[in-house]
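Colleague: Before I rely on the labels attached to this chain, I would like to hear how each of them was reached. Could we take them one at a time?

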Amino acid sequence: MEQAKKFSWVESAQRAWSALSKLQAQWASVSEATPSRLPHRPKLAFVSPLPPEKTGIADYSAKLLPELARHYDITVIVQQDTVNDAWVQANAPVHDVAWFCQHVSFFDRVLYQFGNSAFHSYMFDLLIDIPGLVVLHDFYLSDFFWHRDIIDARSGSWAQNLFHSHGWTAVQKRFEGNDAQLVMAYPSNLNVIIPALSIIVHSDFSRQLARLFYGAQAGKDWALIPLLRQPVNDIDRAAARKKLGLAAEEFIVCSFGLLGATKLNHRLLEAWLASPLSKDRQCRLIFVGENTGGDCGRKLLETIAQSTAKNSIQITGWADAEAYRNWLAAADIAVQLRTLSRGETSAAVLDCMNYGLPVIVNAHGSMAELPSDALWLLPDTFSEAQLIDALTTLWREPARRSTLGARAQQHIRSQHQPRRCADLYAEAIEGAYAQAENSLYGLMQALPRLEASLPPEEYPRLANALATNFPPQPRRRQLLLDVSALAQNDLKTGIERVTRALLEQIVLNPPAGWAVEAVYATSEQAGYRYARQFMCRFFGIPGDWSEDAPVQVWQGDIFFGLDFHPHVIPAQEGTFNAWRNRGVSVYFMVYDLLPVLMPEVFPEGAKEGHQRWLQTITHMDGTLCISRAVADELYDWLQTFGEKRECPFAVDWFHLGADVVDNGNPSRGLPSDAPQTLRSLADRPSFLMVGTIEPRKGVLQTLQAFNQLWAQGVDSNLVIVGKEGWKPVPDHQRGDIPQTVRALRTHPEFGKRLFWLEAISDEYLEQVYGTSTCLIAASYGEGFGLPLIEAASHGLPLLVRDIPVFREVTAGKAQFFTDSHQPEVIAEATRDWLALYRQGKHPHSDAIAHLTWVESARIALEIVLGNTPPYRTWLPDGVRRYWGADPRLGTEVGEAKGRSMQTTGKAGYLVHGPYERFEPRRYRVAIQGSADHLTGGESLDIVCNKGETVLQQYTSWINESLGAWHDLEFTLETKADDLEIRIWVGEQSRIIIDGINFWPEALQ
């Protein structure tokens, strides 16, 4: 016992945290320490194209290999017929991919040189099987996947990579047809970054792009190694000019590389033509490279042809290596401008600096990282005057040209020379492999060496454990949107309309740093799957590239139950608990509590199913309700039914959007009789009801009210838009739906002044709103009342039942009628409204504030992502609360009405229960309700031990004149396992019990 007293969860947690912190520090020191040396020189597999392949990366690799060989025993892995580099032929074995796959265990290190072209096609799959370091020469790899998908007819690969890297927005654009724009917009490179042990880039701009696309943590541990350049010596300017046919006195301004819009060649041409250089016959502007054509190339040629200096401007076309070197040696100034950089490092700029040329660049992409004293650095977005000034100044000031050129050359020789770059390579490689020993890679390398082998049946569990504990990096956190009902059976009710609208807006406008995925589950199988096939159907795009894979979650992800599926959610509670244990937050949308608040207007079992659903979701982290009224109702429900928990439960709310045509993939099309129907609606005042025909909607009461109005000579239309509800349910459980449907179909005014539009498109509904005179909202209960906002957005006046949520949604800018089930109430309210309408004095809905679905989705996201404090938070307060019609209480003679229990003219126990455990202390009992008539024979007693121990008895406990009941008290000296409160009523008693509360008080 003495030892137990020393135990403290706080102290244990502090010790555990301290141990984890020390372990983390040890791991961190691995990457910070000097890389450890192997007992032998490491064997390195160098995977790259090599000369004679016509790619700059092949030439780069050939220059890097001799210096890198100082650190490693290198074998070159290629997928080409020949390698003609002399050093490689003399010093490095060359093998193909098939050989490498069979001999991979021979190597200690693997290094990939990745670029954005087909020369690297074999590397993508190889990297998955054989991880290694990746040198990412091009941050954007989208050209390769576009080429493979379109040119090589590997259907779906580009869509897969777009989705993997950038989500649904990119995939949807993939099928809109603007391939060139898409290639420029999305890097599509996560399938290279994630399997790589580490990444090497040549500029910090690539790391900036990683953060831009994949979150603040992406690229932080990437190694930055300058793009190597072999120093150039003995530059013979005169010889180069002679070969190119240039006079010694000519002043040559060159721009190197393929011509195109991203190179801003037109800006250089315009500045040249506006500068004094164009007037001097000794000055020439040379574009050293091929004009790639297109609008940009055509306009460039037209501008040159129309200029007076056309004879001093030249586009060389494609230049081979010798011609390229000659132009570098012959030039006086180089101008290298860029826009829309995609992470690549400009080799041409470094070549110019290597040749000692004064270079004019703009501070765009990687060029912004060059030293400003070694070149003329224009702003990223520069003016024509600034470029003219740079050209003119360097033309007129030879000394300045000489100074800039010398500084540029010195920078290349000190920072980009091959030996220094190779040393940085070795440091990066060894550091990455040392750190990888404590990662998934290290574990996978160690597993085959374990003496005790794992049984094959354990492989799936091992794979799942590894996937759970080693999330992909970089990783955008997942926002998982549950669409289980929508994906499997879109009933096209109000909830489905909301789900579709929010789903579209959130998926296509994901929050920064998040990957949004729709998911679904069933009640038969544990776990969720990604709803990718459904989303393809939702967006109307091909789905052959997608797969509904099992959902994998990691810490920081969020699950948002956007849909409503009362059977699936309780069945998946184990899944949610497992996710929460991994650090996933679980939230749910709450549309209403009507099945538990008004069970009499729902089918049998709806109350119990909704209660189970509420109990499940309130075990999680929080809810987002579609109105403040629903949030308040949920909080009250939690006060009564909420279970013990340690962390606060968040209760929040927002309002729905109202733009009908622009929401959630609106349906289109009009029936053939639509023009005639719309003309009929315009002939007289038309009162519109929108919503599925259900008992709670008040459709039958409204129809009966209009029967009275028509009988009294009121010439108005009643228009009902909504399909018949609950069709799969037996008629005896459908409330007044069968009666309502029969009354509509057989009504003498049907098609004259009574219109029932059962399953119309959103397009048709839009026109019905525009033609109607007033919206009637007669529902006995709603979670929001979306038709109110849709009608208000069309300027349609509102005649609505006086319930709290309608007061909230309309902000009081409507005409209200009493919450009564009598048809006369609606008939009288309609007559009064028509009188005000004729005088122009009816309430106008124009001023009702309403959101678009874009705005509604943005507010919902702010709440779910935790960017705003919750409306309310709930924790148990120790008070035990019970509704009058509480499922934990029983009745002998009562009838449930909503959350209350009322007498029925029979004598007996109106309520009894709850038969639960109560701890010893004094309790105050508060009973809420009302009493219309008392006989004096009513009684209340509090008992336990199967009724044998009477704790308290009362006969005078109702204050009939006040309509409120006094608090009662009792004391428990010992624990009671089956405490029961019993209320007896007589045949003439008329009593309603709304709630019973037990307030514990500490024993004195």
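Modeller: Let us begin with strands β31 and β36 (residues 976-985), which pair in the antiparallel sense over eight bridges. Please keep in mind throughout that this is a predicted model.

Colleague: What makes β31 and β36 a pair?

Modeller: Pairing asks for at least two bridges found by DSSP, and β31 and β36 share eight, so the two strands count as paired.

Colleague: Why are β31 and β34 called edge strands?

Modeller: The sheet is an open one of four strands, in the order β31-β36-β33-β34, with antiparallel pairing. Within that order β31 (908-918) and β34 (949-954) each pair on one side only, and they are the edge strands. Neighbouring strands of the sheet are turned against each other by 15° on average, with direction ignored.

Colleague: How do you know that Phe382 is buried or exposed?

Modeller: The cut-off for buried is under 20% relative accessible area; Phe382 has 6% relative accessibility, and therefore counts as buried. Phe382 is found in the loop between β13 (376-378) and α18.

Colleague: Which residues is Phe382 in contact with, leaving aside its neighbours within four places in sequence?

Modeller: Contact requires heavy atoms within 4.5 Å, and with those neighbours left aside Phe382 is in contact with Leu264, Arg267, Leu337, Asn362 and Leu387. Leu387 is also one of the buried residues of helix α18. Arg922, by contrast, lies 80 Å from Phe382, C-alpha to C-alpha, and 540 residues away in sequence.

Colleague: How do you know that the reach of α18 is close to the expected one?

Modeller: Helix α18 (residues 384-396) has 13 residues, and the distance from its first C-alpha to its last is 18 Å, against the 18 Å expected at 1.5 Å a residue.

Colleague: What makes α30 mostly covered?

Modeller: Ten of the 14 residues of α30 are buried, among them Ala629, Leu634, Trp637 and Phe641.

Colleague: Where does the chain cross through α30, and what is the hand of that crossover?

Modeller: Strands β19 (residues 622-625) and β20 run parallel and are joined by four bridges, with Asp652 in β20 as the bridge partner of Leu624. The chain crosses from β19 through α30 (residues 628-641) to β20, and this β-α-β crossover is right-handed. The term is used because, with the strands pointing away from the viewer, the path from the first strand over the helix to the second runs clockwise.

Colleague: What else pairs with β20, and in which sense?

Modeller: Strand β27 (residues 872-874) pairs with β20 in the antiparallel sense over three bridges, and Arg872 in β27 is the bridge partner of Val651. Strand β20 (residues 649-653) is mostly covered, as four of its five residues are buried.

Colleague: Which residues have the most contacts inside the largest nonpolar core?

Modeller: They are Tyr112 and Leu503, in a core of 179 residues. Helix α20 (residues 418-436) gives the most to this core, with nine residues. A second, separate core has 36 residues, including Val551, Val586, Phe588 and Leu634. As for Tyr112, its contacts beyond four places in sequence include Val47, Phe100, Met123 and Leu133.

How values were computed
Residues numbered from 1 in each chain as written. Predicted model: local features only at pLDDT ≥ 70, side-chain atom pairs only at ≥ 80, totals over all residues. Heavy atoms only, no water. Buried < 20%, exposed > 50% of the residue type's maximum accessible area, 1.4 Å probe, protein only. Helix = DSSP H or I, 4+ residues; strand = E, 2+ residues; numbered from the N terminus. Core = buried A, V, L, I, M, F, W, Y, C linked by side-chain atoms within 4.5 Å. Expected span 1.5 Å × (residues − 1). Axes fitted to C-alpha atoms, helices over the stretch in contact; angles between N-to-C directions.
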